[in-house]
Amino acid sequence: MSGLEKKYWKGIEELENDPQFVKNSMNEFPEYLPILNKNEETGGTPRRDFLKLLGFGVAAVSLAACETPVKKAIPYVNKPEDVDPTIANWYASSFFDGVEYNSILVKTREGRPIKIEGNKFSSVTKGGTSVRAQASVLSLYDTERLKGFLEAGKPAEINEVDKKIIAQLKEQAVKGGQIRLVTSTIISPSTKAVIGDFVNTYPTTKVITYDAISYAGIVKANQKSFGKSAIPAYDFSKAEVIVSFGADFLGTWLSYTEYQKQYAVTRKLGKSKKSMSRHYQFETTLSLAGANADYRTAIKPSQEGLALASLYKALGGSIDTPSFTAKYIDKAAQDLLKSKGKSLVVSGSNDVHVQVLVNAINVLLENYGSTIDLNNFSNLAQGNDEGFNAFVEELKQGLVDGVIFYNVNPVYSHPKGADIKEALKKVPLTISFATTLDETSSEVKFNTPDHHYLESWVDVEPKIGYYGLGQPTITPIYKTRQFQESLLRWADINVDFYTYIRTYWKSNIFGKQNNYASFDDFWDRSLHNGVFEAPVDSTSAVSFSVDLSETASAISSRYKVSNSTLELAIYQKAGVGNGDAANNPWLQEFPDPITKATWDNYLTIAPALAAKWNLKISQGNTIKAVLKVGNQTVTVPVLVQPGQAQDTVGLAVGYGREVAGKVAKGVGVNAYKFVDILEGVSQLANFNVTVEPTTETYQIAQTQTQQTIMGRDIVQESVLDKYIKNPAAGRKTVTVHTPDKGEVPASSLSLWSKAKWDEKRTNHFWGMVIDLNSCIGCGSCVISCQAENNVPVVGRDEVSNSRDMHWIRIDRYYSTDANTEDASIGNLAKMEEASANPRVVFQPMMCQHCNNAPCETVCPVLATTHSTEGLNQMTYNRCIGTRYCANNCPYKVRRFNWFAYYENNNFDYHMNNALGKMVLNPDVTVRARGVMEKCSMCVQRIQEGKLNAKKEKRRPIDGEIETACSQSCPTEAIVFGDMNDTESKISKLMAEEKEARMFQVLDEINTRPSVSYLTKIRNLIA
């Protein structure tokens, strides 16, 4: 036997052929798992039951994934007869969580949904996705979802629960008992038909629509103004002047993913487009919309009505309200008058009278039929506050005999939640369809959990005439049942919901088109595309006939020119939102676009109030304060927020969950208890609060604690007037004096004997261009990258230690009032202080894939190297964790695995349980402890695209390979492609902008990044 033919043994038993060893070696499983080796002949456990022994979680999802999702599902791309390992299948679907709508594509691998992308067939969201839509795939694999039906908190058989519920429903119907079906906004026409059938079966049922974040004021104002109870469809893409009063239409307001795409259209600049919209924002807390505004004014909540009245007067309208002056009101009026029919005024207020005044302004500006469409109106936000408040009173008086909750949690999210909780104890029949136990579902008798939307059939109509379909992408993991199926069952209608939807579409929607003679063909195409659109004419005139005297009286009595008391503004965060998805760790660790804080809500205060308290905050270290409104009190950490209106504080909803999963429970405080109710409508503001600072310290987990760029040219910007005269306005070039050539650009000098930049790449050269004018800072790219690249969640403490792991971050910079030309030591601290009302710029920052990469020169084991296609690569199994590369990276974009974040109970999120790991992308390695990681420019997607092209014997087509961040960006701010392809979008853009707006960050140190940026241009008067 040669030295290469050595034989190895597991132990002495194998070497000596021990009889017991030989016997056990015939079994598939080792001797210490004897139960798995028993067979049916010996009376033991059959091997086919093996999965049951591994635990329900992994077994259930494995079996669900192995089955074809649903045989009637239609893949977005051609699907093989059976699922092929390593080949992704895509399904068009619809995301709607009761609040926001996205038309989406769902990526599945081996039957497991693992990624959400935008559907470009949709004329509503046009391929954009929100943070919450991107993160929704993780909630499918939440181990704290209810596993089946419950009765009185204990597991129960579905059939037995059905019998008891049907019996009680029939009993109440016979004796006239009052049933209430409380739902969130429903945009599914088929679901509304199912509810109608249920009500026909049980006629004493009344449907109550409740939204935690209410827009009922807009609906009522439109009924009053135009006789139509609806929220209009807004088109920001047609607006040359935009004026918003407290509406964060880029972050949380109504159909914000749709508005982001529209807004970006008006902000893009180029060789053939030298104009952009002008945006005014009047608000209390600094929002995403305010951060992107050209002109921003901070006002108190108690001044909003008077500010709008002031604008109306400046436009030539007449209304009898107290005189009020706010900066930029007159200027906004002048611009609006110049853009009649091409402007848009919106308000985030839920005050009916304020919204009536907004309608009057838009009528005066002739915006209806142009930027505002009341014919193809929005179906979002249908909540009826007055109806829900009446329901609460009925509950308290014992007048309700049965309550069914669907996709609502009012015990948590309503200011009268405690009353609802107590009153539910007196109701004979209480049912919840919640997928997890929450503050409301934990108080009911029957829990009949709904499917996750990725397990469900559904149709949607987000706007009149714009339809969409959602299809299951995996067989239900748990013993849940879709809400609609349950109602049909209880109404004694023996049909499944898939058949019901098809029947509904055949009767009500098929006739709205003339492209298909066969309904089956029409259905298959609609399911494949995910959408079918048949909008009506939007140019018909509207009639506004409201006497503004009542409006004037209400505004004059409620709103004040000056208010000596402290005021509270309640808002939503872009991540956690209204709190329904608070148990999603991706959303909890998502940095707020403005504050860059994670895992908390906090009391935002103006710098002036911080100075009054003598509050010094450093690296997230702060104090707590006691907030009191009436008899409600909470203790909450304080965060100093530039841009906050004087004498106001802000607090986000969505936190303070008491009955929730392990991720959400106990995080932050509940702001819903401070919601005010005015004329039956909820208001996210309170005009009289008190705040007392305490001595208790607290650390807020922030991913960015520096406020400004301190005079450096990391971000380059200018104004529109200067840009029109000189497309390179704002560009700054650092020069160096040389003895032979005099002043030369610093980037022309190199320590490299032969600059890698000059190496000829004969195949591909991958790169990115990011338009700072289009980037609004929404952060969709952050969660998209996290889902695509298996980026771990590290938790609050590790984020506080600056050990966050996101591969892409959105740097947010404030302007400063300090002299940025003065680099003296004494002035540096002043340069770090943001202005009281700063201008803001967002800059996505990821690995720049430098062609003269500082990281590559210092790695002692060649773990980070440069590819022939311009990518800075990481070889994980070479990395020994010296972290030299991170120290040498000027962009600070490398992330070090301080711990093993998987299989580690100290990081109890989703990577330490079998079910949660189902969301992981099998094309991307899960990194080990001690390894450095960073943006790979989604090399797995690049390789997949190249291989697909190779199989078809062609070159990759521009646009078919996209990184996760570029694909998900709702504003198309990130352009990715092959810079060697002269016909690619990125090559043409770089050629056009090379001598205009294009720059590289820290160009003077000559790293020669493959990521370029386009200067930020503001529509200001120079």
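**Entry 1: confidence**

I began with the scores: the protein averages a pLDDT of 88, and 90% of the residues score at least 70. pLDDT is the predictor's confidence in each residue, from 0 to 100. Contact means heavy atoms within 4.5 Å. Residues 28–57 also have a pLDDT below 50; beyond near neighbours in sequence, they make 25 contacts in the model. Where pLDDT is low, the predicted coordinates should not be read in detail.

I noted the ground rules. This is a predicted model in which local features need pLDDT of at least 70 and side-chain atom pairs count only at pLDDT 80 or more, while totals for chains, interfaces and linings use all residues. Residues are numbered from 1 along each chain as its sequence is written, and side-chain values use heavy atoms, with hydrogens and water left out.

**Entry 2: the four-stranded sheet**

Helices (H or I, at least four residues) and strands (E, at least two) are DSSP runs, numbered from the N terminus. Two strands pair if DSSP finds at least two bridges between them. Four strands make an open sheet, S11-S10-S9-S12, with parallel pairing. Which strands stand at the edges? They are S11 (295–298) and S12 (343–347); each has a single partner strand, so one side of each is left without a neighbour in the sheet. On average, neighbouring strands of this sheet are turned by 10° against each other, direction ignored. Axes are lines fitted to C-alpha atoms, for helices over the stretch in contact, and angles run from 0 to 180 degrees between N-to-C directions.

I then checked one pair. S9 (residues 241–245) and S10 (residues 278–283) run parallel and are joined by five bridges. Val243 has Tyr280 as its bridge partner in S10.

Two helices came next. H11 (residues 304–314) packs on the sheet and touches S9 and S12; its direction makes about 150° with that of S9. H12 (residues 329–338) lies across S9, S10, S11 and S12 and runs at about 145° to S10.

**Entry 3: H11 against H13**

I followed H11 to another helix. The axes of H11 and H13 (residues 352–364) come within 10 Å and cross at roughly 20°. That makes H11 roughly parallel to H13. I wrote down the classes: angles under 35 degrees count as roughly parallel, over 145 as roughly antiparallel, 65 to 115 as roughly perpendicular and the rest as oblique. From H11, the contact includes Leu308 and Leu311; from H13, it includes Leu357 and Ile361. By class, this contact has 10 nonpolar, one polar and one charged residues. Ala, Val, Leu, Ile, Met, Phe, Trp, Tyr, Cys and Pro count as nonpolar, Asp, Glu, Lys and Arg as charged, and the others, Gly among them, as polar.

**Entry 4: the seven-stranded sheet**

I moved to another open sheet. Its seven strands have the order S5-S4-S16-S15-S14-S6-S7, and the pairing is mixed. S5 (154–155) and S7 (205–209) stand at the edges, each with a single partner strand, so one side of each is left without a neighbour in the sheet. S6 (residues 179–183) pairs with S14 (residues 402–406) in the parallel sense over five bridges. Which residue of S14 is the bridge partner of Arg180? I found Val403 there.

H7 (residues 189–201) lies across S6, S7 and S14, at about 145° to S7. H7 also packs with H17 (residues 483–490), at about 25°, with the axes 9 Å apart. H7 and H17 are therefore roughly parallel to each other. Among the contact residues are Val194 and Phe198 of H7, and Leu487 and Trp490 of H17. This contact has seven nonpolar, two polar and no charged residues.

I checked one more helix pair. H18 (residues 497–508) and H19 (residues 519–529) pack at about 115°, with their axes 11 Å apart. H18 and H19 are therefore roughly perpendicular to each other. The contact includes Trp505 of H18 and Trp523 of H19. By class, it has six nonpolar, one polar and three charged residues.

Last, I looked up S31 (residues 735–738) and S32 (residues 742–745), which run antiparallel and are joined by four bridges. His737 stands opposite Glu743 in S32. A hairpin joins S31 to S32 through three residues.
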